[in-house]
Amino acid sequence: MAEALFSRLAKELPSKGAEVVKEVGAVYRFDVKKDGNTRSWIVDLKNGSGACKEAGAGDKGDCTIIMSESDFVDLMTGKLDGQSAFMGGQLKIKGDMMLAMKLESLSAMLPKE
């Protein structure tokens, strides 16, 4: 499910990304855990109209978000509040914590179902 959200995000960036890049100005790394495995994605909201891709081992972000897949999906679909997730230990942050506050701009880009 996380992979589907990142794919949708990658499709939205060409049309909506430039505005979000101006607002956010950061590169995020998402480490999403499921069944004991971790998959990582880079969401570049610093350059051009943005980009979203699966992360390689050396890819780093200004802010790294670490969470389970189910919590990530809930966060991106508005079912989970980011601040509550952080306070409850469901969301861990490495790097610039202030950038995590701008994650709403990312979830706002996803079409609502």
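The buried residues of helix α2 pack against α1 (2-24), β1 (26-34), β4 (63-68), α3 (82-87), β5 (91-95) and α5 (103-109). Here, buried means under 20% relative accessible area, exposed over 50%, and partly exposed in between, with a 1.4 Å probe and protein chains only. Contact means heavy atoms within 4.5 Å. This is a predicted model: local features need pLDDT of at least 70, side-chain atom pairs count only at pLDDT 80 or more, and totals for chains, interfaces and linings use all residues. Residues are numbered from 1 along each chain as its sequence is written, and side-chain values use heavy atoms, with hydrogens and water left out.

**Overall fold**
- The chain has five helices and five strands. Helices (H or I, at least four residues) and strands (E, at least two) are DSSP runs, numbered from the N terminus.
- Along the sequence, the pattern reads α-β-β-β-β-α-α-β-α-α.
- A compact globule of 113 residues would have a radius of gyration near 13 Å, and the chain agrees, with 13 Å. This radius is taken over C-alpha atoms, and the globule rule is 2.2 Å times the number of residues to the power 0.38.
- The C-alpha atoms fill a box of roughly 35 × 35 × 25 Å along the principal axes.
- Of the 113 residues, 42% count as buried.
- Take the contacts between residues at least 6 apart in sequence: 65% of them join residues at least 24 apart.

**Helix α2**
- α2 spans residues 69-76 and is mostly covered, with six of its eight residues buried.
- The buried ones are E69, D71, F72, V73, L75 and M76.
- G78 follows α2 and has a positive phi, near 85 degrees.

**Strand β1 and its partners**
- β1 is largely enclosed by the rest of the structure, because seven of its nine residues are buried.
- β1 pairs with β2 (residues 37-45) in the antiparallel sense, over nine bridges. Two strands pair if DSSP finds at least two bridges between them.
- V32 has R39 in β2 as its bridge partner.
- The hairpin of β1 and β2 has two residues between the strands, and D35 there takes a positive phi near 55 degrees.
- β1 and β4 run parallel, joined by six bridges.
- F30 has I65 in β4 as its bridge partner.

**Aromatic rings**
- There are five aromatic pairs in the structure. Rings of Phe, Tyr and Trp (its six-membered ring) pair if their centres lie within 6.5 Å; planes under 30 degrees apart count as stacked, over 60 as edge-to-face and the rest as tilted.
- One aromatic cluster is formed by F6, Y28, F30, W41 and F72.
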